[in-house]
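Thanks, I'll keep this brief. Have a look at the model first.

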Amino acid sequence: MGRKEKRAARKTALLGVLFALAAVLSLVEGALAPALGLPPGVKPGLANTVVMFALLFLGLPQAACLAVLKALLALLARGAVAGALSLCGGLFSVGVMWLLHRFARPTPFILSAGGALAHNAGQLVVFAALWGARGARALAWYVPVLAVSGLAMGALTALLLRALVPALKKAGFSNIIDSFYQ
């Protein structure tokens, strides 16, 4: 196996591990949100840390793949509406974070908060598509709650990623992280 094939195999293996981690974190945050007293539909965004990591260290296709896989998991575990909300929110989030990272080079907080707000916007688009303009108007009062929670959870995700990368490097994974920059 050549260098290119080995690198592709490592990326695929890492993507599988990241999906498993995102799946576990999705389950944890699903149980954690009500325990923390968060408003309905608001989650800590732990699994989105994994998607942001994939975007920064693997690239756009791999991060989008994780968002799609997370949506498939939501579809299988919680049904069609949850799957659609996850898919649209996840892809909006990845797209906005990619655009920010590619063209603005923002701080981790701006990147993460932008992704969180885009995730909420994507979910609102699905809600409006499923329930029409009347349903969207009924939900308009909740937009400020989603905006504030998006900023707060975006900050949490940024802090988590900021702590995670050095910890992974210290734990001996620096070759994996650094190899994706070559």
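Is the crossing of α2 and α4 left-handed or right-handed? Before I answer, note that this is a predicted model. The crossing of these two helices is right-handed.

Now the geometry. Two packed helices are described by the angle between their axes and by the distance between those axes. For α2 and α4, the angle is about 40 degrees and the axes are 11 Å apart. Angles under 35 degrees would count as roughly parallel, so at this angle α2 is oblique to α4.

Who makes the contact? On the α2 side there are Val-51, Met-52, Leu-55 and Leu-56. Facing them from α4 are Val-94, Met-97, Trp-98 and His-101. By class, that contact between α2 and α4 has seven nonpolar residues, one polar residue and no charged ones.

Next, the pocket. The largest pocket has a volume of about 1,100 Å³. Its lining comprises 42 residues. Nearest the centre of the largest pocket lie Gly-41, Lys-43, Arg-78, His-119 and Gln-123.

Which helices supply that lining? At least two residues each come from α1 (3–35), α2 (46–57), α3 (60–78), α4 (80–103), α5 (108–139) and α6 (143–179). The helix that gives the most is α5, with ten residues. So much for where the lining comes from; now its make-up. The lining of the largest pocket divides into 22 nonpolar, 16 polar and four charged residues.

To tie the two topics together: α2 and α4, the pair with the right-handed crossing, are both among the helices that supply lining residues to the largest pocket. That's it from me.

Definitions and conventions
Residues numbered from 1 in each chain as written. Predicted model: local features only at pLDDT ≥ 70, side-chain atom pairs only at ≥ 80, totals over all residues. Heavy atoms only, no water. 1 Å grid on protein atoms, 1.4 Å probe; cavity = no way out; pocket = protein on both sides within 12 Å on 5 of 7 lines; lining within 4 Å. Points joined across faces, edges and corners; volume = space filled by probe spheres on them. Helix = DSSP H or I, 4+ residues; strand = E, 2+ residues; numbered from the N terminus. Nonpolar A, V, L, I, M, F, W, Y, C, P; charged D, E, K, R; others polar. Axes fitted to C-alpha atoms, helices over the stretch in contact; angles between N-to-C directions. Parallel < 35°, antiparallel > 145°, perpendicular 65-115°, else oblique. Left-handed = near helix turned anticlockwise from the far one by under 90°. Contact = heavy atoms within 4.5 Å.
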